[in-house]
Amino acid sequence: MSKSRVILCADDDATALAVRSQILSRAGYIVLTASDGAAALELFKCIRADLIIMDHGLAGISGKQVAAEMKRLKPAVPIVLLSSSMEPHLWSEHADLLITSGMPAAEFLRAVGKLIPE
């Protein structure tokens with residue numbers, strides 16, 4: 001995998017964000033983090049990201065709202081929304097993938113790899 005792939009992760013759960021960041025970093029990705037939707041959006045405007053991974057239920061601006069704005073700004077960047085539930089109403093037309101937050105690490109990395117292949 002290319003070491004230059006940049007993933008922006010956003011989650012207001014600091015533990016979940018740290019674990020996800022560590023999994024991605026160990027897999028060779030460059031990981032930038034944000035603790036809420038507003039911070040993720042501001043960072044997204046300033047960087048080149050290859051993928052966005054964010055919690056659906058971010059405090060303040062929801063993951064769905066952030067995804068909509070990110071797709072408006074940079075439509076080619078894939079977005080993954082994380083949720084503890086796979087309820088159909090959580091799906092966003094602005095997300096490329098909806099996955100469960102508790103997905104095993106290997107499965108999570110396979111899903112990421114499909115969205116940003118080498």
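Is E69 buried, partly exposed or exposed? E69 is partly exposed, with a relative accessible area of 23%. The legends below refer to a predicted model.

**View 1. The salt bridge between R72 and E69 in helix 3**. The two side chains meet with 2.6 Å between N and O. Both residues belong to helix 3, which covers residues 63–73, and they are three residues apart, or about one turn of the helix. R72 counts as exposed, at 56% relative accessibility.

**View 2. The salt bridge between D96 and K71**. Here the N to O distance is 2.9 Å. This pair links distant parts of the chain, 25 residues apart: K71 is in helix 3, while D96 is in the loop between strand 4 (79–83) and strand 5 (97–100). D96 is partly exposed, with a relative accessible area of 38%. K71 has 15% relative accessibility and counts as buried, because buried means under 20%.

**View 3. A network of R5, R48 and D50**. Salt bridges that share partners join these residues into one network. A search of the whole structure finds six salt bridges.

**View 4. The salt bridge between D11 and R20**. The closest N and O atoms are 3.1 Å apart. D11 is buried, with a relative accessible area of 5%, and R20 is buried too, at 7%.

**View 5. D55, a buried residue with no salt bridge**. D55 is found in strand 3, residues 51–55. The nearest side chain of opposite charge is R20, 6.3 Å away. Leaving aside neighbours within four places in sequence, D55 is in contact with A10, D11, D12, G63 and L82.

Note on methods:
Residues numbered from 1 in each chain as written. Predicted model: local features only at pLDDT ≥ 70, side-chain atom pairs only at ≥ 80, totals over all residues. Heavy atoms only, no water. Helix = DSSP H or I, 4+ residues; strand = E, 2+ residues; numbered from the N terminus. Buried < 20%, exposed > 50% of the residue type's maximum accessible area, 1.4 Å probe, protein only. Lys, Arg positive; Asp, Glu negative; His and termini not counted. Salt bridge = Lys/Arg side-chain N within 4 Å of Asp/Glu carboxyl O. Contact = heavy atoms within 4.5 Å.
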